[in-house]
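Colleague: I would like to learn how to read a model of this kind, feature by feature. Could we go through it together?

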Amino acid sequence: MTGTLRMPTFIVWFRNTPPTDSAIGDSTTIQNLLWGTTPPTQDGTSPYSTSTYYNEVSHGLMTVTGNVIRQGIRVSQSDTAASGGPSC
């Protein structure tokens, strides 16, 4: 596959997550972590963004990019239920 794939990215707030939570409230940080052209290495745990990963594994033939939609979506589940429960 070659070409450009553009992905919308929605911020999701779970029932038990306040919309002011700084981990999900900063759309610029999320944009850079997922779709940045420079690998996000602030904490050393993310050597690639989604964009840089697909660029590397496709040998530059595929561009995957996206935009974070700033307005979040509130869902009725808790984050624990969405992740499979506390035993996962």
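Colleague: Is Thr17 buried or exposed?

Modeller: Buried means under 20% relative accessible area, exposed over 50%, and partly exposed in between, with a 1.4 Å probe and protein chains only. Thr17 has 10% relative accessibility, so it counts as buried. This is a predicted model, in which local features need pLDDT of at least 70, side-chain atom pairs count only at pLDDT 80 or more, and totals for chains, interfaces and linings use all residues. Residues are numbered from 1 along each chain as its sequence is written, and side-chain values use heavy atoms, with hydrogens and water left out.

Colleague: Where is Thr17 found?

Modeller: Elements are DSSP runs numbered from the N terminus: helices are H or I with at least four residues, strands are E with at least two. Thr17 is in the loop between strand E1 and helix H1 (22-25). Between Thr17 and Asp79 there are 62 residues in sequence but 7.6 Å in space, C-alpha to C-alpha.

Colleague: Which elements does the protein chain have, and in what order do they run?

Modeller: The protein chain has four helices and two strands. Starting at the N terminus, the order is β-α-α-α-β-α.

Colleague: What percentage of the residues of the protein chain count as buried?

Modeller: The figure is 23% of 88 residues. Accessible areas come from the Shrake-Rupley method with a 1.4 Å probe; for residues, only the protein chains shown count as cover. The accessible surface of the protein chain is about 6,200 Å², and carbon and sulfur atoms hold 55% of that.

Colleague: How should I read contacts in the protein chain by their separation?

Modeller: Contact means heavy atoms within 4.5 Å. Among contacts with a separation of 6 or more in the protein chain, 62% join residues 24 or more positions apart.

Colleague: Which residues make the largest nonpolar core?

Modeller: In soluble globular proteins, nonpolar side chains tend to be buried together. A nonpolar core is a set of buried Ala, Val, Leu, Ile, Met, Phe, Trp, Tyr and Cys residues joined through side-chain atoms within 4.5 Å. Here the largest one has seven residues: Ile11, Trp13, Ile30, Trp35, Met62, Val64 and Val68. E1, helix H2 (27-35) and E2 each supply at least two residues of this core, and E2 gives the most, with three.

Colleague: What does the side chain of Thr9 make with that of Trp35?

Modeller: A polar contact is a pair of N or O atoms within 3.5 Å; within protein, one must be able to donate a hydrogen and the other to accept it, and residues adjacent in sequence count only if both atoms are side-chain atoms. The side chains of Thr9 and Trp35 make such a contact at 2.9 Å. Thr9 is in strand E1 (residues 3-13) and is buried because its relative accessible area is 14%. Beyond four places in sequence, Thr9 touches Leu34, Trp35, Asn67, Val68 and Ile69.

Colleague: Which residues make the nonpolar surface patch?

Modeller: Patches are made of residues with over 30% relative accessible area and no salt bridge; like charges are joined within 9 Å, nonpolar side chains (Val, Leu, Ile, Met, Phe, Trp, Tyr) within 5 Å. A salt bridge is a side-chain nitrogen of Lys or Arg within 4 Å of a carboxyl oxygen of Asp or Glu. Phe10, Val12, Ile69 and Ile73 make a nonpolar patch of about 300 Å². E1 and strand E2 (62-74) each supply at least two of its residues. Val12, in strand E1, is partly exposed because its relative accessibility is 32%.

Colleague: Where is Ser78, and which residues is Ser78 in contact with beyond four places in sequence?

Modeller: Ser78 lies in the loop between E2 and helix H4 (79-82). Ser78 is buried, since its relative accessible area is 12%. Its contacts beyond four places in sequence are Phe14, Arg15 and Asn16, and the side chain of Ser78 reaches the backbone nitrogen of Ala81 at 3.2 Å.

Colleague: What is the phi of His59?

Modeller: His59 has a positive phi of about 55°, although it is not a glycine. His59 sits in the loop between H3 and E2 and is exposed because its relative accessible area is 72%.
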